[in-house]
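User: I have a structure open and would like to know how its labels were assigned. Could you take me through them?

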Amino acid sequence: KNYQIYYLLPFTKEQIENYLINCLGKADAEKALRFINNVHDLSGLSERPLMLNLIMDLLPELQKEFQNNPNINASTLYRMLFDRVGLRDNEKHLIPLGEKRKLLGRFALYLWQQGITTLHVEALDEWLLCNLDDYPQLKIKLTSGLCEPEVMLQDLHNASLLVRDNDDEYRFAHTSFFEFFVAVGIFDSVVHCSNYQQGFDLIFTKDNLGKEIVQFLLDWRLSNNGSEKVKFDQNWQQLQKASNSVTSRQIAFDIWYFSYRENQEFTVLDKPNWQNLNLVGINLDKQSESNILDLSGINLSNASIEECSFSFINFSKTNLTQTYFRQNKFDACKIEDWVNEKTVFRGNRFNNCLTPNMWKNSSLPHSNLVTPSNGSRIENNSPNLQQLIHEKSSGRLSCLHPDGTQLVIAGHSGA
């Protein structure tokens with residue numbers, strides 16, 4: 001306990017420029033700055049001292065990569081760093097570089113799933129031999145006698161970015177390397193998953209993925225422009241619909257929501273399964289009238305939705321059986337044909353999204369405020385109000401006029 005922790009603050013533009021000038025000289029630093037400022041993710045990453053050092057070190061490879069792939073991000077840097085070290089020692093290694101990267105991804109994912117950060121050398125060897133079916137090139141070399149198991153295992157022991165301590169425990173050289181390879185492992189597991197019913201439940205065995213791993217996953221998916229990205233998106237849709245575990249469904253939602261709030265690309269939602277989720281403080285309010293978020297047909301049954309904001313969302317044909325809503329705001333949402341058996345609403349506000357069938361078979365106490373979609377005055381004998389009273393099964397309903405001057409409370413007795 002006799003040590004102090006210091007944190008490096010993000011670099012300012014002036015500090016970034018001075019760092020590059022000191023390392024590269026003024027002329028090369030100006031070229032590097034122009035390139036960094038022209039690549040969106042690099043300009044943000046360069047504020048972090050470790051990332052700036054990586055960017056400077058990998059600058060020639062990054063410039064070459066950018067010509068064919070504009071999606072340069074943090075995962076690009078870590079992949080290039082791994083490839084550079086791997087290519088440097090390529091003659092010493094038996095496992096192909098691409099397969100070794102996937103292998104380390106699966107290993108990192110295994111550590112995360114087990115809740116550990118190190119693994120003894122004997123357990124590491126046992127893990128690899130038990131998972132050879134996922135690495136056909138290695139299996140062929142072993143079964144054909146092209147190499148001995150001991151040689152292959154030694155190759156893994158010497159893998160870039162893995163370190164071995166005095167107790168023969170293996171770990172990743174840095175936490176960020178571990179997080180990067182966990183994301184690579186998740187991506188690879190989704191791409192090659194064939195068991196949709198248990199896929200997510202086998203991958204996401206813990207309830208907290210961490211924003212760093214989520215960001216690496218989003219970056220890694222974006223940087224894969226080929227068939228694997230297409231396969232990932234296709235499998236993700238199937239997995240998030242078929243998942244049986246609340247934990248894995250919550251993680252799948254958290255990944256999507258993180259990308260939504262950060263304006264980052266991720267797979268589109270297609271009738272996802274959000275059953276039994278606990279959603280608190282969620283804000284889906286970045287849409288507009290010309291850019292509606294389509295969540296029609298999603299399964300929110302038995303979920304708890306509290307203190308959330310929803311704007312310009314198509315919630316049509318959503319399954320809300322036994323869903324609990326408390327103190328949420330709905331603005332300009334399409335909510336026709338909800339399946340809302342025994343749905344409970346407490347203290348919610350609905351503006352410009354009312355439909356007559358909305359409250360059928362649900363419990364809507366007087367604490368819910370509803371502003372009609374047509375903006376017309378509400379009179380106590382108006383057809384709209386009478387229809388609402390007639391279709392309301394129990395409790396009371398409060399309707400607030402858009403100008404705030406009239407409030408009508410209707411009871412099940414028709415009063």
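Analyst: Let's begin with burial: buried means under 20% relative accessible area, exposed means over 50%, and partly exposed lies in between, with a 1.4 Å probe and protein chains only. Keep in mind that this is a predicted model, where local features need pLDDT of at least 70, side-chain atom pairs count only at pLDDT 80 or more, and totals for chains, interfaces and linings use all residues. Residues are numbered from 1 along each chain as its sequence is written, and side-chain values use heavy atoms, with hydrogens and water left out.

User: Why is Phe181 called buried?

Analyst: Phe181 has 0% relative accessibility, which is under the 20% limit, so Phe181 counts as buried.

User: Where does Phe181 lie, and which residues does it touch?

Analyst: Phe181 lies in helix 11 (residues 175-191). Helices here are DSSP runs of H or I with at least four residues, strands are runs of E with at least two, and both are numbered from the N terminus. Contact means heavy atoms within 4.5 Å. By that rule, and not counting residues up to four places away in sequence, Phe181 touches Phe82, Arg101, Leu104, Gly105, Ala108, Leu161 and Phe172. The C-alpha atoms of Phe181 and Phe216 are separated by 8.7 Å, and these two residues are 35 residues apart along the chain.

User: What makes Glu17 partly exposed?

Analyst: Glu17 has 37% relative accessibility, a value between the 20% and 50% limits, so Glu17 counts as partly exposed. Glu17 is found in helix 1 (residues 13-24). Its C-alpha atom is separated by 7.2 Å from that of Ala29, 12 residues apart along the chain.

User: Is Asn328 buried or exposed, and how do you know?

Analyst: Asn328 counts as buried because its relative accessibility is 0%, under the 20% limit. Asn328 lies in the loop between strand 10 (324-326) and strand 11 (329-331).

User: What does the side chain of Asn328 reach?

Analyst: A polar contact is a pair of N or O atoms within 3.5 Å; within protein, one must be able to donate a hydrogen and the other to accept it, and residues adjacent in sequence count only if both atoms are side-chain atoms. The side chain of Asn328 reaches the backbone oxygen of Ile305 at 2.8 Å, and it reaches the backbone nitrogen of Cys308 at 2.8 Å. Among the residues that Asn328 touches, not counting those up to four places away in sequence, are also Glu306, Phe310 and Arg349.

User: What makes a space a cavity or a pocket?

Analyst: On a 1 Å grid over the protein atoms alone, a cavity is a set of points where a 1.4 Å probe fits but cannot get out, while a pocket is an open set with protein on both sides within 12 Å along at least five of seven lines. Lining residues have an atom within 4 Å of a point. Grid points are joined across faces, edges and corners, and a volume is the space filled by probe spheres set on the points. The count comes to three cavities of 30 Å³ or more.

User: Which residues lie nearest the centre of the largest cavity, and how is its lining classed?

Analyst: The largest cavity holds about 90 Å³ of space. It is lined by 14 residues, with Leu300, Ile305, Phe310, Phe315 and Phe325 nearest its centre. For the classes, Ala, Val, Leu, Ile, Met, Phe, Trp, Tyr, Cys and Pro count as nonpolar, Asp, Glu, Lys and Arg as charged, and the others, Gly among them, as polar. The lining has 13 nonpolar, one polar and no charged residues.

User: What lines the largest pocket?

Analyst: The largest pocket has a volume of about 1100 Å³. Of its 33 lining residues, Leu45, Arg48, Ala74, Gln215 and Asp219 are the closest to its centre. Helix 13 gives the most, with seven residues, and helix 11 is one of the elements that supply at least two. By class, this lining has 15 nonpolar, 10 polar and eight charged residues.

User: How many helices and strands does the protein chain have, and how much of it is buried?

Analyst: The protein chain has 16 helices and 16 strands. Of its 415 residues, 47% count as buried.
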